[in-house]
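The following paragraphs lead the reader through one structure. Please look at the sequence and the model before reading on.

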Amino acid sequence: MKKSYQNIEDKRKDGSVWFNDLKRKRESGPKLQHKRYTEFGDSTKSVHAGQYDDQKTGALGTPIFQCSTFYLSEASYEAIEEGRGRDEMIYTRYGNPSQWSVQEKISSLENAESSIVFSSGMAAISSTLLAILDKGSHVVSSRDIYGGTYNFLYEDLDRYGMSVTFTSPTSIDEIEAAIQENTKVLYFEALTNPLLKIVPIERLVALGKKYNLRVIIDNTFLTPYNIKMLDLGVDLVINSATKYLNGHSDLIGGTVSGSRKLVDRIWPQLLKNGGSMDPHACFLLERSLKTFALRMRTHNSNALDLATYLENHPKIKKVYYPGLASHEQHELATTQLKGKYSGMISFEIEGGDAIAHTLLKTLKLPKEATSLGGVESLISLPYNTSQASLTKEQQKAIGINDGLIRLSVGVEDIADLIFDIEQALIKIFK
Ligand SMILES: Cc1ncc(COP(=O)(O)O)c(C=O)c1O
């Protein structure tokens, strides 16, 4: 006989609702075929994991399941009845084979039990936090955080009876001091935007364990190619798939990965917030991911070469890149990232923001656009793009100085990128 519940708390106490039902066997996530390629390297996983080859037609590669709904069957009625809607094909906001296929590939790359793809990075971030936090919960986060996330934490948590404290992302002491009785989550970006500060992940995880907190990391700037967050004990890892995962600047998407138990808890929030990824975007993302490892290798090596070039140029005042010995946390970068320092560089040019604007207009290859992680180099000034929602004082406090430029280094020939920057600097400072 069905029970009737007063509220969600009754359901949780009862323990018989699906997201709290630990008796239910947890699979690794919905899938058509199990294709994790667990024992293989990232290049092999990128190409093969999750791909659905249609047995009936022999079509090689995941078809686009461009449908909003599916024929109902005994299996789907049963899944609805038992609250297992995530595991069956019912309705595309709930799940779709195109989503499942790319989720398998992401899980494989993240070494995760389970993943969900979203319609944007912000959908992944907001749904994850709303799912994990309860009324009255507190979050410790970073002052150096993506503007959209900052706005969500600062403006919206309050409306749900939750709160946030922003700290330095590099000081474990400051983070520990901010923990309160009601703190539930430590939320940080692994490599910060735009100054590429490094969060000491292992120490953050230890702090999470000490106080029984969930550690959630936005790994957009590094990606699972450069560091596997879940292997280090992080509870949930988020990516804006818009960036390196997709890598072609032609879709908006987001991912969250972790244990099946935690990811199962986020899924109902996805249903309520409605940020499911469209099947066509899933197709593009899965196809782009086939070259993920290939692209990341070039992003990393191009950025290291370009950072070294910029550091030696007399008109460049300072370069921020974890692979340079001059980076304040270079030692931590070396042990944590093991030589994979990312494709992002920030640098300060002589002459301040006015000259920085001129440089953007003088360059031929890097495109003046916000965002990052595309095959093409993208260049912008943080003060009027990613950090525009901060006041001048806040920008100064986190180190966004006059003349700071952010460069997402693409996969063009490195000699061409260096030549282009050189010709622009010669023109400007002649
Ligand atoms: C670090 C980081 N996280 C999250 C996001 C949000 O991602 P999306 O634009 O896909 O919603 C961004 C966007 O720039 C970002 O840089």
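Helices α5 and α10 are oblique to each other, a word for angles that are not under 35 degrees (roughly parallel), over 145 (roughly antiparallel) or 65 to 115 (roughly perpendicular). The axes of α5 (residues 121-132) and α10 (residues 260-273) cross at roughly 120 degrees and come within 8 Å. Helices here are DSSP runs (H or I, at least four residues), numbered from the N terminus. Axes are lines fitted to C-alpha atoms over the stretch in contact, with angles from 0 to 180 degrees between N-to-C directions.

The model is predicted: local features need pLDDT of at least 70 and side-chain atom pairs pLDDT 80 or more, whereas totals for chains, interfaces and linings use all residues. Residues are numbered from 1 along each chain as its sequence is written.

On the side of α5, the contact (C-beta atoms, placed from the backbone, within 7 Å) involves residues including Ala 123, Ser 126 and Leu 130. Among the residues that α10 contributes are Arg 265, Ile 266 and Leu 270. By class, this contact has five nonpolar, five polar and one charged residues. Ala, Val, Leu, Ile, Met, Phe, Trp, Tyr, Cys and Pro count as nonpolar, Asp, Glu, Lys and Arg as charged, and the others, Gly among them, as polar.

The ligand is surrounded by 14 residues (C-beta atom, placed from the backbone, within 6 Å), and the closest are Ser 120, Gly 121, Met 122, Ser 240 and Thr 242. This shell divides into eight polar, four nonpolar and two charged residues.

Elsewhere, helix α12 (residues 292-311) holds Thr 308. Thr 308 and Ala 325 are 17 residues apart in sequence, and their C-alpha atoms are 9.9 Å apart in space.

Key: Helices (H or I, at least four residues) and strands (E, at least two) are DSSP runs, numbered from the N terminus. Two residues are in contact if their C-beta atoms, placed from the backbone, lie within 7 Å.
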